[in-house]
Amino acid sequence: MLFQTKYFGQIDCGEEERISFPDGLFGFEEEKEFLLLPFQGSGGTLLCFQSTATPALAFVAVNPFSYKPDYAPELPPQELARLGAADSRELCYYALCVVREPVADSTVNLRCPIVVNDRTRQAVQTILDTPEYGMRHPLSELHSQKEEAPC
């Protein structure tokens with residue numbers, strides 16, 4: 001199926017590539033399906049959640065483990081059950097970015113990650129119940145901690 005995207009022009013993606021958000025994203029509850037698209041040259045650490053319904057709606061995200069290797073989100077049992085997982089480590093996590101000019105002023109939201117069960121393609125945006133992670137971590141600070149880390 002063809003999709004018009006904000007950053008990648010027109011792309012062809014199959015049904016199996018869609019990620020379903022039953023509750024949408026915070027502030028965008030009506031948006032239920034997205035594609036997760038990597039930005040070229042980022043090595044899979046800089047991605048885009050592209051709405052399948054609204055071409056102009058796309059969110060820049062990062063693999064938080066690539067920038068903060070000790071990132072250790074823990075989901076409550078009800079969130080794990082919703083996603084069909086027994087353990088938080090079975091899931092993929094993505095942190096949304098607010099891109100600013102200059103890019104060094106950009107921030108990353110580690111407190112409210114997008115959590116995806118890669119097996120079922122179901123996802124939620126959650127709020128972690130810990131003061132350890134904030135909603136506006138400067139990307140420049142996280143960039144200094146960058147290491148190669150798995151999703």
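**Entry 1: what I'm looking at.** I'm working with a predicted model, so I treat everything below as computed from it.

**Entry 2: the main core.** I looked up the largest nonpolar core and found 24 residues in it. Which members touch the most others? I noted Y71, L75, L91, Y93, V108, L110 and V115. Then I checked where the core residues come from: β6 (58-62), α1 (64-67), α2 (77-83), β7 (92-98), β8 (107-117) and α3 (139-143) each give at least two.

**Entry 3: around L75.** I picked L75 and skipped its neighbours within four places in sequence. What does L75 contact then? I wrote down L80, L83, S88, L91, Y93, V115, T126 and L128.

**Entry 4: aromatic pairs.** I counted 10 of them in the structure. One of these is F34 with F59, a tilted pair with 6.2 Å between centres and 50 degrees between planes. F34 sits in strand β4 (residues 33-38) and F59 in strand β6, 25 residues apart, so I marked the pair as a link between distant parts of the chain. Buried or exposed? Both F34 and F59 are buried.

Next I took F65 and Y93, which pair edge-to-face at 6.2 Å centre to centre, with 75 degrees between the planes. F65 is in helix α1 and Y93 in strand β7, so this pair ties together parts 28 residues apart in sequence. Why does F65 count as buried? Its relative accessible area is 13%, and buried means under 20%. Y93 is buried too, at 2% relative accessibility.

I also found a cluster joined by ring pairs: F21, F28, F34, F49, F59 and Y94.

**Entry 5: the largest pocket.** Its volume comes out at about 280 Å³. I found 15 lining residues, with L96, C97, V98, N109 and Q125 nearest the centre. β7 and β8 each supply at least two of the lining residues, and β8 gives the most, with four. By type, I sorted the lining into 10 nonpolar, three polar and two charged residues.

**Entry 6: the second largest pocket.** This one has a volume of about 200 Å³. Which of its 13 lining residues lie nearest the centre? I noted L46, V62, Y67, V103 and L139. The lining splits into nine nonpolar, three polar and one charged.

How values were computed. Residues are numbered from 1 along each chain as its sequence is written. This is a predicted model: local features need pLDDT of at least 70, side-chain atom pairs count only at pLDDT 80 or more; totals for chains, interfaces and linings use all residues. Side-chain values use heavy atoms; hydrogens and water are left out. A nonpolar core is a set of buried Ala, Val, Leu, Ile, Met, Phe, Trp, Tyr and Cys residues joined through side-chain atoms within 4.5 Å. Buried means under 20% relative accessible area, exposed over 50%, partly exposed in between (1.4 Å probe, protein chains only). Contact means heavy atoms within 4.5 Å. On a 1 Å grid over the protein atoms alone, a cavity is a set of points where a 1.4 Å probe fits but cannot get out, and a pocket is an open set with protein on both sides within 12 Å along at least five of seven lines; lining residues have an atom within 4 Å of a point. Grid points are joined across faces, edges and corners, and a volume is the space filled by probe spheres set on the points. Ala, Val, Leu, Ile, Met, Phe, Trp, Tyr, Cys and Pro count as nonpolar, Asp, Glu, Lys and Arg as charged, and the others, Gly among them, as polar. Rings of Phe, Tyr and Trp (its six-membered ring) pair if their centres lie within 6.5 Å; planes under 30 degrees apart count as stacked, over 60 as edge-to-face and the rest as tilted.
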